[in-house]
Amino acid sequence: MEEVLIKCDRLDYFGRGIGYVDGKIIFVANLLPLEEALVKVIIKKKKYMIGEVIKFIKKSSDRVIPRCSYVNCGCALQSLDYFKTLEFKKNKVTDILKRYSGLDNVVSDIFYGDKFYGYRNKISLKVKSGELGYFKNGSNELIPISGCALASDKTNEIISILNKADLSSVSSIVIKDFGDILIDIKGNMDISSLKDFAYSIYMDDKLVYGEENLLASLGDFKFYVSKDSFFQVNSDVTLMLYNKIIEFLGDNKNKTILDLYCGVGTISLFLSKHFKSVIGAEINREAIKCANLNKKLNNIDNVSFICGDASLELKKLKADFLVVDPPRSGLTLDGINEILRFSPEKIVYVSCDPMTLARDLNYFKDKYDIKEVNLFDMFPWTYHVESLVYCVRK
Ligand SMILES: C[S@@+](CC[C@H](N)C(=O)[O-])C[C@H]1O[C@@H](n2cnc3c(N)ncnc32)[C@H](O)[C@@H]1O
């Protein structure tokens, strides 16, 4: 394949270096602004190219030595100084909100935790031909790994054990670590070497060892988390995010609030101490089962949970205030119309994808003041960032 000399102009939204070859754009992973490198063109399309660095000619003073040697398995910003990665994320969301929803300079702060590594309470590994690893970005080519710098120490111990095991009949493994460990194996393997480390082991969705749910702590609360229910991956930064939601909304003992896409009820329980009543809605049955257990576990009686599709449930519900925390796809148009119909006084929108957030804010910005956008670096070294938007009815 062709080799070209590239000077990196800037990073794209996915943290890849952007350069030009005869006016045509080329995206190069692990190439920082102003760096120069000899690059191998690995994909050549009509409008763009994708390249890989063969050799650096000039390196950036913002370049750092990453904690791990794997490239292209998720940590797109692993070679950039951590505080520059925060700048990148703030600029990225500012740019997206300006470009796609016409909101000017609404991003105020980016908050981050103490743990830049080892912060993930969950990792999802792939297995191919018996080898354990991550898929290379955008492909199903396996990058075999002996550990992951984002995972906890205990998770890395389990990865070492798995690397010695026969994984020839396994396709993927999820490890959750909330102090106790849950291992969710798709396929079949001898689990005897894992039993000393695990609290729960599932194989092909069947509990084969230990207890059904893990117990996670966040602030003053405890939460049961099941195999398939969502829990934010960075517990320390999640606590900062939830406390900020409470700070935005304040104490409202005579008001009701709806927590849409509530998962195992985390935000609902945090809000319960500040509102007359809370309703949480969530589509995942297992998560709602945990949410109801969590309500009892924390002795809370002003919260109720509904299992259903948020857009449909919205037709039957209303409240004074609203929190939404949808998946990456964002809100549905039906859902947005229902929200505008019952028109809550305040809306807090938690988003893990600034593109769908920008799309959705377009529908709210005429009727709501977008008071503040804060970012939370829930996913250090990746191009992802969590946004928190505080809106007040005009
Ligand atoms: C980003 S998570 C947020 C969970 C929770 N708020 C938290 O902080 O842990 C999004 C949640 O939305 C749920 N979900 C996905 N599609 C949904 C839908 N159509 N209706 C209701 N919930 C949905 C997922 O199961 C997941 O629990």
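Is S343 buried, partly exposed or exposed? S343 is partly exposed, with a relative accessible area of 23%; here buried means under 20% relative accessible area, exposed over 50%, and partly exposed in between (1.4 Å probe, protein chains only). The model is predicted, so local features need pLDDT of at least 70 and side-chain atom pairs count only at pLDDT 80 or more, while totals for chains, interfaces and linings use all residues. Residues are numbered from 1 along each chain as its sequence is written, and side-chain values use heavy atoms, with hydrogens and water left out.

## Positive phi angles

S343 sits in the loop between α7 and β21; helices (H or I, at least four residues) and strands (E, at least two) are DSSP runs, numbered from the N terminus. Its phi is near 45°, a positive value in a residue other than glycine. Most residues other than glycine have a negative phi. L34 is a further case, with a positive phi of about 75° although it is not a glycine. L34 belongs to the loop between β4 and β5 (36–44) and is exposed, at a relative accessible area of 53%.

## The strands around β20

Strand β20 covers residues 321–324; F321 and V323 point one way from it, L322 and V324 point the other way, and all are buried. Strands of a sheet pair through backbone hydrogen bonds, either parallel or antiparallel. Two strands are taken to pair if DSSP finds at least two bridges between them. Strand β17 (residues 252–260) runs parallel to β20 and is joined to it by 4 bridges, with L258 opposite L322. Strand β21 (residues 346–351) also pairs with β20 in the parallel sense, over 4 bridges, and K346 in β21 is the bridge partner of F321.

Together with helix α7 (residues 333–342), β20 and β21 make a right-handed β-α-β unit. A crossover is right-handed if, with the strands pointing away from the viewer, the path from the first strand over the helix to the second runs clockwise.

## The mixed sheet

A separate description applies to the open sheet of 6 strands, whose order is β1-β5-β6-β4-β3-β2 and whose pairing is mixed. β1 (3–7) and β2 (10–11) stand at the edges with a single partner strand each, so one side of each is left without a neighbour in the sheet. Within this sheet, strand β3 (residues 17–21) and strand β4 (residues 24–28) run antiparallel and are joined by 5 bridges. Y20 stands opposite I25 in β4.

## Salt bridges

Side chains of opposite charge can pair when their charged atoms come close. The structure holds 22 salt bridges, a salt bridge being a side-chain nitrogen of Lys or Arg within 4 Å of a carboxyl oxygen of Asp or Glu. The table lists some of them.

| Pair | Closest N to O distance |
|---|---|
| D236 and K115 | 4.0 Å |
| R359 and D360 | 2.9 Å |

D236 forms its salt bridge with K115 at 4.0 Å. D236 lies in helix α3 (residues 235–249) and K115 in the loop between β7 (107–111) and β8 (122–128), so this pair ties together parts that are 121 residues apart in sequence. Both ends are partly exposed, D236 at 36% relative accessibility and K115 at 44%.

K289 belongs to helix α5 (residues 285–297) and E212 to the loop between β14 (206–210) and β15 (214–218), so the pair connects parts that are 77 residues apart in sequence. K289 is exposed, with a relative accessible area of 53%, whereas E212 is partly exposed at 44%.

R359 and D360 form a salt bridge with the closest N and O atoms 2.9 Å apart. R359 is partly exposed at 36%, but D360 is buried at 1%. Elsewhere, salt bridges that share partners join D184, K186, D205, K227 and D228 into one network.

## The ligand site

The ligand has 17 residues around it, of which Y242, Y261, E282, A310 and D325 come nearest; a residue counts as near if one of its heavy atoms lies within 4 Å.
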